[in-house]
Amino acid sequence: MKKLSLISLFVLVMRRDLVLAMRRRADVLTTLIFFVMVVSLFPLGVGPEMDMLRKMAPGVLWVAALLSSMLSLGRLFSADYLDGTLEQMLLAPQSLSVLVLGKMVSHWMVSGLPLVLLTPVLGLQFDMSAPAIGVLMLGLLLGTPILSMVGAIGAALTLGLRGGGVLLSLLVLPLCIPVLIFGTGAVQAVSSGLNVSAHLSLMGALLVLALAFTPWVTAQALRISME
Amino acid sequence: MAINWFKYSAPTTFYPLAGKLIPWFAISSLILFAVGLYIGFVVAPADAQQGEFYRIIFIHVPSSIISMFLYLIMAAYAALGLIFNTRLSSMMASAIAPTGALFAFISLWTGALWGKPMWGAWWVWDARLTSELILLFLYLGFIALHASIDDPRRADRAAALLAIVGSVNVPIIYFSVKWWNTLHQGSTIKYSGTSMHIAMQQAMFTMLAACWLYAIAIALTRVRSIILERERNSKWITELAEVKS
């Protein structure tokens, strides 16, 4: 058998997961619809005053992004776990961390990236200014991969447990608080005419940290859950 | 003679040792609580700005300090259990978690009681309050994950990994929340002297010691129960006097 290089392994896993996601488009779309729906519920709940909505918008969008990424995380490993593919992946001679990273990236492309692309439309609903929307998108672009990666640890730990979905949110949401703070902080900074680079740099630093450590930790978590 | 450092790392030897130690910790904790509360409520003078209200800090500050340290201790035990596969370390970690959560809750509760007369609100979104709340969530997550896995080995290892990830995250969360908002008064006790009255200091440190001893006594009591539960099928348990009767 031909030995796979790490990069080709990464690409292989990513493509496989993307193809699987495209075959089950409904799953992807429900998460997106959930995101749009949660965001649209807020004006109905707090009233239509544009001043207040404009102030709330970054927080609302970020919290909705957090919640919808929690919803989709349950699917990250569960299908592979149920049909036994995950067991084969653990037995594979290649690095499990790289394999997990591939799954994380494809999860982000399916559940995080569409949220970033939808943000301008939802931002307009909340009467956000163009620079604020730009910063919000940039923040989400840096932040949603962190949500997928940190969430993957939780998904691996709660694999196959009853009530896994709720438990997953309980474990992962507190760990995602810094992302929420820096993401909304950046938008507030640009709205009040301050420099946004501090918030976005910190977010970038978190992304690098997550990229370095979460695949390995998730791999360990998978081994614990599957033994 | 070489000392066997690992003698008490086995549940068989640790169980009777913990049984002997618990009364000492419990009694000295009770005495220190009595002394600390006496100094705090009778001897210490009223504060110049905060009047009598400040006296809640004799509970509030020790419980906050302990809730944070216990998380680190819990994570350290969990890591030991994960790395060296020692059963007792994992049992200690799960024995500490409820006590840590309790102290985090007490700290939030007394903070709210103090905040109402001082800040005029039960709850403010201040950095330290918020990070204490998040700490409580982390404890609850650890307990919930441990409780929802039936196999104790997997539960120990999964919860250990979560505790380690959480302890790496604690400083990140703390600083992010700190930059986000700060209203809480700064620390009064610093390494370079303090502005506190001497009786207040005595009361505070006595209460801190009392809370530590309480935490140790309770954690040891709980770990004894966990040992009994986990090892119920082993021979030495069935030969224990308290099990036989």
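Trainee: How many residues does the contact take from chain B and from chain A?
Mentor: The contact takes 21 residues from chain B and 20 residues from chain A. Two residues are in contact if their C-beta atoms, placed from the backbone, lie within 7 Å. Keep in mind that this is a predicted model: local features need pLDDT of at least 70, side-chain atom pairs count only at pLDDT 80 or more, and totals for chains, interfaces and linings use all residues. Residues are numbered from 1 along each chain as its sequence is written, while chains are lettered from A and ligands numbered from 1 in the order in which they are written.

Trainee: Which elements give two or more residues to chain B's side?
Mentor: Helix 4 (127-148) and helix 5 (152-180) of chain B do. The largest share, 12 residues, comes from helix 5 of chain B. Helices (H or I, at least four residues) and strands (E, at least two) are DSSP runs, numbered from the N terminus.

Trainee: And by class, what is on that side?
Mentor: The side of chain B that touches chain A has 15 nonpolar, 4 polar and 2 charged residues. Ala, Val, Leu, Ile, Met, Phe, Trp, Tyr, Cys and Pro count as nonpolar, Asp, Glu, Lys and Arg as charged, and the others, Gly among them, as polar.

Trainee: Switching to chain A. How many helices and strands?
Mentor: Chain A has 11 helices and 0 strands. Its radius of gyration is 18 Å, close to the 17 Å that the globule rule gives for 227 residues, so chain A is as compact as a globular protein of that length. That radius is taken over C-alpha atoms, and the rule is 2.2 Å times the number of residues to the power 0.38.

Trainee: How much of chain A is buried?
Mentor: Buried residues make up 46% of its 227 residues. A residue is buried if 20 or more other C-beta atoms lie within 10 Å of its own, exposed if 12 or fewer, and partly exposed in between, with C-beta atoms placed from the backbone.

Trainee: What about helix 6 of chain A, mostly covered or mostly open?
Mentor: Mostly covered: 12 of its 16 residues are buried. Among them are Lys103(A), His107(A) and Trp108(A).

Trainee: Where is the kink in helix 11 of chain A?
Mentor: At Phe213(A), shortly before the proline Pro215(A), and the kink is about 35°. The bend at a residue is the angle between axes fitted to the seven residues ending there and the seven starting there.

Trainee: Which residues touch the most other members of the largest nonpolar core?
Mentor: Of its 131 residues, Cys176(A), Met74(B), Leu161(B) and Leu162(B) do. A nonpolar core is a set of buried Ala, Val, Leu, Ile, Met, Phe, Trp, Tyr and Cys residues joined through C-beta atoms within 7 Å. Not counting residues up to four places away in sequence, Cys176(A) touches Leu66(A), Leu147(A) and Val150(A).

Trainee: Back to chain B. How many helices and strands there?
Mentor: Chain B has 8 helices and 0 strands. Buried residues make up 38% of its 245 residues.
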